[in-house]
Each structure stands twice: as structure tokens, then as C-alpha cells.
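Let's take a guided walk through a protein together. Have a look at the sequence and the 3D view, and then we will go through them step by step.

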Amino acid sequence: MPAAMLPYARVLVLLGALTAEAARTAGGSFLRWEPRCQQLLPSRSPITTLLPPRLNGPWVSTGCEVRPGPEFLTRSYTFYPSHLFRALQFYYGDPLCREPAHSLLIKGKVRLRRASWVTRGATEANYHLHKVGVVFHSHQALLDVISRLKQSPAGRDCAQRLPPAQAWQPGALYELLSARAGQDCTAALGFSMHELSLVRLQRSLQPQPLIGPRLVEELFLGDIHTDSVERQHYRPTGYQRPLQSALHHAHPCPACSLIAFSDERHPPVLPPGAVLPLHLDGRWVSPGCEVRPAVLFLTRLFTFHGHNRSWEGYYHHFSDPACQQPTFTIYAAGHYTPGMPSAKVLGGTELAFQVTQARVTPMDQVTTAMLNFSEPSSCGGPGAWSLGTERDITATNGCLPLGIRLPHVEYELFKMERDSLGQSLLFIGQRPTDGSSPSTPERRPTSYQSPLVLCDGIARDLSRAPEHRLLPQQSLKGGEPYSTVARIPFLLLIPGLAFLQL
Ligand SMILES: *[C@@H]1O[C@H](CO)[C@@H](O)[C@H](O)[C@H]1NC(C)=O
Ligand SMILES: *[C@@H]1O[C@H](CO)[C@@H](O)[C@H](O)[C@H]1NC(C)=O
């Protein structure tokens, strides 16, 4: 074993089952990629899921969130032991959440029901809204909401109840919904609180250099449908970016306290964020187990080569919400186009990418048998599938049983940010909730999935933390030099769910 492998072995022990299991069952390429990219996990684990979740207390966004549309917002939700809740949603006109437009004050009651048997690891809940009120922070914000309401017949009546634009009063709260009065203008505004019908609560310990580990609590609420027409009916099966407990959040989090101390009349104005130009060179990995609607558990690992604009990615699929029981792995590769700033989603970059090559590795008996019994011409050609053995599916134009068709083009939306620990984050467009693919420019995403983390960035961060001092920087970075200063906007892709059509 080369000396450089030793630190990896150490990390495998720290990581426990996930990496060890993956390393044991996967092919050689997996071993080569995974160890140095999984090093973020020790800082997040062990993760404990609280069942049933205890919602009580204040919860806040950790930064500016982007919903399909796009809508830019921050959230501050408080749950009380009486099952009552008070939720604040602050909407903005800009992607950094620095220009407040309007705020919603939402009051109601929520009751947990039972463990979800659709989304493993989640709890289903029932909720009722008592009141929803809106406060406008500018004249223009009022005009925007009125014009949105006027697009539907029901909304036109609602628009009548708002003041005429010239009579706007800063700080005045207007009622959109009142259960007692039997009026409801929220649907006309495209608003729904169905996110409260799916809940998951996670606890983890965040290592802190001097003061020791710190408790972090994350509240995952249901996902928002990417098609605004579906939003009123859609019952979530995946999650949004989690809220964190205002009392137990990761540090540093400048946005957290700003949001926690805001109210509907005094919306938070987030600090100017570190918006990074897109340079994708390097390896990007999921910092944890991801959950997709409909219901998929997976981790992703991508590599971008800027100089020849090619990318390759591994999608490791699992059957459980801790990503410990692998089902199959897809390897995909292709090229991507130079990026263009998005006119529709400020702060985002548009690009197209092509999937030209793909390979599949079945990782459990069920998937192996399913592929083995499929028509050879539909997936991989003649020859048997066996557990843990990768086969190329390019020649059969993909793999019908897994819903993969090649060649394939997707229209993407990307952005990069730096988090408060200095790690580079890569946000890739949210997949259409209906399981389709963004295969035309019109279907391009307007919001993002949970971010990937740059492996190089992880190595740098760990080398600062005392408990990881034993890991030599050299071996963390591996043998190949990375171009960390590439200036060309390189983008990347991500087939994921849509391209699988599961
Ligand atoms: C692009 O370059 C990388 C290494 O720099 C290489 O591994 C990869 O095969 C190249 N891809 C293509 C499609 O030429
Ligand atoms: C796959 O098919 C081959 C031959 O058709 C057979 O020998 C093998 O047992 C099968 N494996 C599984 C897991 O079904």
C-alpha cells in the first residue's frame, strides 16, 4: 500500500459504514475517487434522526434561498408546544436577499401524524392555517403582487382588498387568509404551506477548533413543486434546503441571527454574499445523503475538466435515508458548453451539457436480477450482469429499465457560492418534480438542488482543524495538480433523477 493511502484508511474508520461499505462493494474506480472526497463527512457525522421529530422552538434559514420561479426568500418559523406555529417568509427582489419586497406572516396549527411510508425517514403532518398576512416593503412590491393577483379571476377580487398603489403604507399588514372570516387569497398568489406536511429533524455535532463539538439541529420540510400550477396540490416527497435551530445552528452563520431577530415589519437584509464566478475545475461531492422527490436516496461525485470542457459523474443510489444500502451506481460522462449569465434567474449561469457515455454497476441482488432479466438490447447488450461489476451501456443508447437514454442533452442552471467556512459550494439546477428532463431551453431549472462541495476546499478546511492535523495536506490533494484559478466560466451538469425517469 503506498504511503499516501494511510490517511485514507484512517478516514475510513472515522466515516464508519458509508465509505467502508461503498469501498468494499464497489469497483476499483470507486475506491480511487471516494476517499479524499468523503472527508467532509466526519465534520457532519454522526447524524441522528429524531423520531418523532420535536419541532418546538425557533428555526431559521441559513442563507438566501431560491425557489422555482425564481423566488428569493428567507424563512423564520417558530413552533410552540401547543402545536401552534408562527411562520415568517421574507421575499426579495434580488438573489442575495438584500432588497426586501414583501413579507408573509403565517399562523396556524400543525400536528405530526405518522412515519411516512413513501419517504423513509420522514414524518407526515397535518396543518391548518388560521391567518396569513402580507406586509409590503416598497411601492413596487405592492404593484408586483397586485399584478400577480390580477392574472386569475379569483385573484382579481383579492387584489381589490389591497390598497390602491398610491395608498401604500410602510408596515401595514393586509390579510390574505382568515380562517374565521372564510376568506383565502393565498392560492391566487401561488402560496401554499404544504411544506409542513413532510418533516424530518436531524442532529449532528459540528467540530469546533477550540471549544469542542457543537450541536447542530436541522429541520427538513417538504419540497416545493417546480411547476407553479402544481404547487397547490402537490404533496411533498422530498425536502427543501433545511432550516436550522436558531439556538443550535452551525457556526459561523451571519444570516442566522439576522433572520432570527427580524419580524414582518423589519425583514432581514443579508450581508453581501461571496458570489463566485463559475470555475468548475476539480471534484465536487455531496456532503451527505441526498433525498429526491419520488423517492431516491443518492450521493453524487463530479469531476470537471475545464481545458477540454468535459465532465464525468458518479451517481451512487441507495435504498435507505442514511445512504448505507447501495442499489446501483451510474457513471456518466460528456461535454458542456460555455456558460451565459441567466437573465431569468439573477446570479445563475446557463449552460447545456451532453451525456455521451454511461456505465452502470448493480449494487444489490434485486437490481442485478432486474438488469439480468431485461432485454439485452435495451441495456448493455449480450452478456450477464453480476453484482458489483460495471458494464458500459453506451452502445445500447442507454438503459431502458433504468430510464437512461443516450445521447442526451440537458439545459442547466448553475451557481457557485462560498460558505461561511470558506468552502466552495456548487449549486446545480433542481430537477423537474414530475420526473421529466430539462431537455429544452424552456424547461431549464429556475431553482437549485442542495449544493455539492469542492473536494480541494474540504482538504484545506480539514488541515486547519486540530483533530485532523495528522492528515498531510499532500496526500489529501492527491498527485494531480488542480487548476484553482481557471477564469473561464466552466459549467457542469447533472443528470440525476430526470435522466433516470424512475
Ligand atoms: C479531458 O481531460 C482530462 C484530463 O485533463 C482527461 O482525463 C479526459 O479524458 C479528457 N476528456 C476528453 C473527453 O477528452
Ligand atoms: C444472470 O444470468 C446468468 C445467465 O443468464 C445467470 O447465470 C446468473 O445466475 C444470473 N444472475 C442473476 C443475479 O440473476
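On a 1 Å grid over the protein atoms alone, a cavity is a set of points where a 1.4 Å probe fits but cannot get out, whereas a pocket is an open set with protein on both sides within 12 Å along at least five of seven lines. Grid points are joined across faces, edges and corners, and a volume is the space filled by probe spheres set on the points. The largest cavity has a volume of about 170 Å³. It is lined by 17 residues (a lining residue has an atom within 4 Å of a point), and the closest to its centre are R67, G190, F191, S192 and R231. By class, this lining holds six nonpolar, five polar and six charged residues. Here Ala, Val, Leu, Ile, Met, Phe, Trp, Tyr, Cys and Pro count as nonpolar, Asp, Glu, Lys and Arg as charged, and the others, Gly among them, as polar.

A word on where this comes from. This is a predicted model, in which local features need pLDDT of at least 70 and side-chain atom pairs count only at pLDDT 80 or more, while totals for chains, interfaces and linings use all residues. Residues are numbered from 1 along each chain as its sequence is written, chains are lettered from A and ligands numbered from 1 in the order in which they are written, and side-chain values use heavy atoms, with hydrogens and water left out.

Now step back to the whole protein. It has eleven helices and 27 strands; these are DSSP runs numbered from the N terminus, with helices being H or I of at least four residues and strands E of at least two. Of the 502 residues, 55% count as buried, where buried means under 20% relative accessible area, exposed over 50%, and partly exposed in between (1.4 Å probe, protein chains only). Take the contacts (heavy atoms within 4.5 Å) between residues at least 6 apart in sequence: 63% of them join residues at least 24 apart.

Next, turn to the second largest pocket, with a volume of about 1,100 Å³. Its lining has 45 residues, and P68, G69, P70, E71 and S228 lie nearest its centre. The elements that give two or more residues to this lining are β4 (71–79), β5 (84–92), β6 and α5. The largest share, six residues, comes from α5. Sorted by class, the lining of this pocket divides into 17 nonpolar, 16 polar and twelve charged residues.

Helix α5 deserves a visit of its own. Which of its residues are buried? In α5 (residues 139–149), they are A141, L142, V145, I146 and L149. Seen down the helix axis, these buried residues fall within an arc of 135°, so they line one face of α5; the arc is that of the directions from the helix axis to the C-beta atoms. Their cover includes β6 (100–115), β7 (123–136) and α6 (153–161).

That brings us to α6, where G155, C158 and A159 are buried. They cover an arc of only 105° around the axis, which puts them on the same side of α6. These buried residues pack against α5. The face of α6 turned away from its buried side carries the exposed residues P153, D157 and Q160.

Look next at Y174, in strand β8 (residues 173–178). Y174 is buried, with a relative accessible area of 16%. Leaving aside neighbours within four places in sequence, Y174 is in contact with V132, G133, V134, F136, L162, P163 and Q169. Although Y174 and F136 are 38 residues apart in sequence, they are 8.9 Å apart in space, C-alpha to C-alpha.

Finally, visit some details of the backbone. Most residues other than glycine have a negative phi, and most peptide bonds are trans. The bond from G69 to P70 is cis, with omega near 5°, and P70 lies in the loop between β3 (65–67) and β4. The bond from H251 to P252 is also cis, with omega near -5°. C97, in the loop between β5 and β6, has a positive phi of about 55° although it is not a glycine. C97 is buried, with a relative accessible area of 0%.
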